[in-house]
Amino acid sequence: MSQTHFEPYVHLVDVGPDRALIAWGGFWFRRDSPDRRWRLVDDEQLDEVDPGRVDSIGARSRSYGEAVVEVLDDDGATVGRAASSEQNHVWVEGLEPDTRYHYRITVDGRPWAEGERWDWVPVPRGGMDLCPAGRSYAMTFCTHPDYETPAPLRFAVQGDYGVGVVVDSESSRRQRRVARVLDRLADDPGIRLVLSGGDNVYQGEGVHAGAESGGEDDDWFSSFYQPYRYLLDRVPVYPTVGNHDTSDNASSDDREQIRDNFHTDERFTPEVAGERASVDPGMFYRFRFGADVEFVCLDTSLADQLETEHFFEHPRHGAWLDRAFPEQEEGGPTWRIPFSHHPTYCAGPHHPNTESMVRELAPRFRRAGVRAAFAGHEHNFQLSEVDGISYFLSGAGGQLREDPPTEFADAGTVAWAVQSHVLLAEVDGDRLTVTPLSGLTEDGRPQPMTALSRDGEVVEVPFVVRAG
């Protein structure tokens, strides 16, 4: 007779100066006998372990019961509370800006995700299995500063996550290594947010990840929820859409799952974000961190069945792009930072400059005084400097191509590396520093990655960008 195990997950989806969006869900596992390994239950088989269920996590998932989320201050006093019996996420309102909080979730009167968690990890007998892992959720977060207050910011950038961590392969080990760096960066004083460079889910390795490329919740276990689970309960991720998240390269358009698992309808539609968002077709949005920084998400994926090649070329978004990148003016944010999947400038080896971005977006960047932009897509690290703008390419969060780039002159390349990594970016006044990190040292400190110039000389990190 088979055994089942439900592993609960917690997701701090978003925060603002006075509120937080908190979600919960999980995954079922089954094994046929005590001496067999656990198997992730496919979405199509969920009804066998929870009658009537067709999904297990995300904005549209069926309710797990009467849920209450409480936000607590450092003294343990409840300062915010929200309840829901119809969905597995809530906005908790009435919080203070730039303040650290703890939170707890109860469902039908029982604590959700309390105590030691089970993780999908390498096991001594070889391969991977679900085991008690000796870790628990921190369930803490910090609200953003208010929009009038200048504040320093530490954030991470990661693109092209990888094929998941279900199979103990080289790709899986790379993704787990980078995930551990992100986990460490979330520790005090901690990064405040993560920018996704797209390609959030690839077709996974092995039967546990399913045959799809991101169209079901079980695909997301391996590539997103499991590797980053101890980050996701305390740091919000701001997504962009990559070619493997759409029908560009995937077997189907997985935008519905992007909307579901990143809760984009609750965050980035004109109905909830006003003029800060422009959607359908594509996903464009912008958000502030204090008075100094505004991030602008650009959908650069191919626009299948539309009259334009890319979504950002669609006439519906022209006025929004002009508002997002206005003429540089007094009183605007010191840093206006665009991020996308496709890079404006790229030295390859597999992808060249994105000419439509050079033609349509780069002039807007220059007009608005943009000094730094972030992207993914090419599976390496590159830094291009063109017209006073530093274009950072970080496309090796788990995926990696070992052949080096070659088109340095066309892309304005000043540094590159072929290693899996995540970027740590730090804004302090008119100074932005960006450090590629490739792993952890033996004592647990993030390890800076070695970068090279186009001539093969070692380039010192961090990279420093100045505003103005």
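## Ring contacts and cavities

The charged end of R267 sits over the ring of Y238, 5.0 Å from its centre, where sitting over a ring requires NZ of Lys or CZ of Arg within 6 Å of the ring centre and within 35 degrees of the ring normal. R19 likewise lies over the face of W91, at 3.7 Å from the ring centre. The model is predicted, so local features need pLDDT of at least 70 and side-chain atom pairs count only at pLDDT 80 or more, while totals for chains, interfaces and linings use all residues. Residues are numbered from 1 along each chain as its sequence is written, and side-chain values use heavy atoms, with hydrogens and water left out.

The structure contains 39 aromatic pairs (rings of Phe, Tyr and Trp, the last by its six-membered ring, with centres within 6.5 Å; planes under 30 degrees apart are stacked, over 60 edge-to-face, the rest tilted). Two of the pairs are set out here.

| Pair | Centre to centre | Plane angle | Class |
|---|---|---|---|
| W38 and W118 | 6.0 Å | 75° | edge-to-face |
| Y64 and W112 | 5.2 Å | 55° | tilted |

W38 is buried at 5% relative accessibility, whereas W118, at 24%, is partly exposed; buried means under 20% relative accessible area, exposed over 50% and partly exposed in between, with a 1.4 Å probe and protein chains only. Y64 is buried at 16%, and W112 is buried at 10%.

One aromatic cluster includes Y161, F224 and Y228, and these residues are also among those lining the second largest cavity.

Methods
On a 1 Å grid over the protein atoms alone, a cavity is a set of points where a 1.4 Å probe fits but cannot get out, and a pocket is an open set with protein on both sides within 12 Å along at least five of seven lines; lining residues have an atom within 4 Å of a point.
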